[in-house]
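I opened my notebook to go through one structure, entry by entry. Here is what I looked up.

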Amino acid sequence: ITIDEFTKNPEKLTKSADIVISAVGKPKLINESWLNNNSIVIDAGTSESKRKLVGDVDYENINDSIILVRPPKGIGSLTILSLFYNVLNI
């Protein structure tokens, strides 16, 4: 399922998902109310808040049982890795 700005009740949809990949670019958009206890969350969104680079997930208000994947300095390093992987496997 893809959620965009026109999707009604995005919180309800993400709550039913096992894997959530966020790339919105809105600080602390996703909190515990958006996720179930078995969620795996990959935070690919970046934006600036109070002169700091932050993701889409409100990490301070997330249940410890939820698995969070947040690469240091954003998702850029994973993107570069994927590009090289695809180039080598053509």
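**Entry: N36.** I listed what N36 touches, leaving out residues up to four places away in sequence: K15, S16, A17, D18 and I66. Contact here means heavy atoms within 4.5 Å. I then looked up where N36 sits, and found it in the loop between β1 and β2. Is N36 buried or exposed? N36 is buried, with a relative accessible area of 16%. The cut-offs I used are these: buried is under 20% relative accessible area, exposed is over 50%, and partly exposed is in between (1.4 Å probe, protein chains only). I also checked the distance from N36 to T14: the two are 22 residues apart in sequence and 8.1 Å apart in space, C-alpha to C-alpha.

**Entry: what I am looking at.** I noted that this is a predicted model, where local features need pLDDT of at least 70 and side-chain atom pairs count only at pLDDT 80 or more, while totals for chains, interfaces and linings use all residues. Residues are numbered from 1 along each chain as its sequence is written, and side-chain values use heavy atoms, with hydrogens and water left out.

**Entry: the whole chain.** I counted two helices and five strands. Both kinds of element are DSSP runs, numbered from the N terminus: helices are H or I with at least four residues, strands are E with at least two. From the N terminus on, I read the order as α-β-β-β-β-β-α. The C-alpha trace spans about 40 × 30 × 30 Å along its principal axes. Of the 90 residues in the chain, 26% are buried. I looked at contacts between residues at least 6 apart in sequence, and 42% of them join residues at least 24 apart. The chain exposes about 6,900 Å², and carbon and sulfur atoms supply 56% of that area. Accessible areas come from the Shrake-Rupley method with a 1.4 Å probe; for residues, only the protein chains shown count as cover.

**Entry: the sheet.** In what order do the strands of the open sheet stand? I found three strands in the order β1-β2-β5, with parallel pairing. β1 (19–22) and β5 (67–69) are at the edges with a single partner strand each, so one side of each has no neighbour in the sheet. Neighbouring strands are turned by 15 degrees against each other on average, direction ignored. For such angles, axes are lines fitted to C-alpha atoms, for helices over the stretch in contact, and angles run from 0 to 180 degrees between N-to-C directions. Strands count as paired if DSSP finds at least two bridges between them. I checked β2 (residues 40–43) against β5: three bridges join these parallel strands. Within that pair, I40 stands opposite I67. A reminder to myself: strands of a sheet pair through backbone hydrogen bonds, either parallel or antiparallel.

**Entry: a nonpolar patch.** I stayed with I67, which is in strand β5. I67 is partly exposed, at 47% relative accessible area. Which residues make the nonpolar surface patch? I wrote down I19, I21, I40, I67 and V69, with a patch area of about 430 Å². β1 and β5 each supply at least two of the patch residues. Patches are made of residues with over 30% relative accessible area and no salt bridge; like charges are joined within 9 Å, and nonpolar side chains (Val, Leu, Ile, Met, Phe, Trp, Tyr) within 5 Å.

**Entry: the salt bridge.** My rule was a side-chain nitrogen of Lys or Arg within 4 Å of a carboxyl oxygen of Asp or Glu. The count came to one salt bridge. The side chains of K28 and E60 form it, at 3.3 Å from N to O. K28 is in the loop between β1 and β2, and E60 is in the loop between β4 (52–54) and β5, so the pair ties together parts 32 residues apart in sequence. K28 is partly exposed, at 47%, whereas E60 is exposed, at 59%.

Entry: S47 lies in strand β3 (residues 47–49). S47 is buried, with a relative accessible area of 13%. Leaving aside neighbours within four places in sequence, I found S47 in contact with G25, K26, P27, K52, L53 and V54. Next I looked at K50, in the loop between β3 and β4. K50 is not a glycine, yet has a positive phi of about 55 degrees. K50 is exposed, at 78%. R51 lies in the loop between β3 and β4. R51 has a positive phi of about 65 degrees and is not a glycine. R51 counts as exposed, at 77% relative accessibility.
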